[in-house]
Structure formats: C-alpha cells, structure tokens
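Thanks, everyone, for making the time this morning.

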Amino acid sequence: GCAVVAADVGGVCEIVRHDETGIVIPSENVDALAVALRTLVEDEALRRRLGDRAKKEFAERFSRDAMVEAYVGVYERVLGEAICRK
C-alpha cells in the first residue's frame, strides 16, 4: 500500500506503471530520483492514490491464487488441453 519509486530496469515496467501504481524513473538518474522522492513527500494525495492502486493491482495480479491461475493457463496453452482443477 506504499507508493514506490522504481528505476526502469529489467521487467520493472511490467509491475510498476508510471503515474498509475508508482513512479518510474530512468536508471542511474539521480536528479529524477530526487524529484520523484520530493514529489511523493510533498503530495500526500498522490502517495495514497499510487499506493492504493498498487495494492489493489498486486492483489489482483500477484496474489498466490492469481499466480497459480496464470501458471495453469500457461500449462494449458502449452499442452493444448485443460488441466483438472479441484
């Protein structure tokens, strides 16, 4: 539920969407980091909005149940058949 500042490296942008679930900055850009941190410190409404959206999205996309469903979907596509679920 906390707002985050994340560097745009690897697959970060698949998890943190700029101005939706956090603030994404260019990697190794100290000035952008300072601006992003200052923005979050000074803007409580933005912190809450980003944190709330991130928390909701995490629960929808990355909870244990969501991850299990995603993996089952991958296996079903690869195997070309439905997997029995209890």
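This is a predicted model: local features need pLDDT of at least 70, side-chain atom pairs count only at pLDDT 80 or more; totals for chains, interfaces and linings use all residues.

Let me start with threonine 21, which counts as buried because its relative accessibility is 4%, where buried means under 20% relative accessible area, exposed over 50%, and partly exposed in between, computed with a 1.4 Å probe on protein chains only. Residues are numbered from 1 along each chain as its sequence is written, and side-chain values use heavy atoms, with hydrogens and water left out.

Threonine 21 sits in the loop between α1 (12–15) and β2 (23–25); helices here are DSSP runs of H or I with at least four residues, strands are runs of E with at least two, and both are numbered from the N terminus. If we leave aside residues up to four places away in sequence, threonine 21 touches Val4, Ile15, Val16, Leu50, Arg53, Ala54 and Glu57, a contact being heavy atoms within 4.5 Å.

Which helix holds glutamate 57? Glutamate 57 belongs to α3, residues 44–62, and it counts as buried because its relative accessibility is 11%. Its side chain is joined to that of arginine 17 by a polar contact of 2.3 Å, meaning a pair of N or O atoms within 3.5 Å, where within protein one must be able to donate a hydrogen and the other to accept it, and where residues adjacent in sequence count only if both atoms are side-chain atoms. With residues up to four places away in sequence again left out, glutamate 57 touches Ile15, Arg17, Thr21 and Phe62.

Turning to the whole chain, we have four helices and two strands, which run along the sequence in the pattern β-α-β-α-α-α. The radius of gyration is 17 Å, well over the 12 Å that the globule rule gives for 86 residues, so the chain is more spread out than a compact globule; the radius is taken over C-alpha atoms, and the rule is 2.2 Å times the number of residues to the power 0.38. Those C-alpha atoms fill a box of roughly 50 × 25 × 15 Å along the principal axes, and buried residues make up 20% of the 86 residues.
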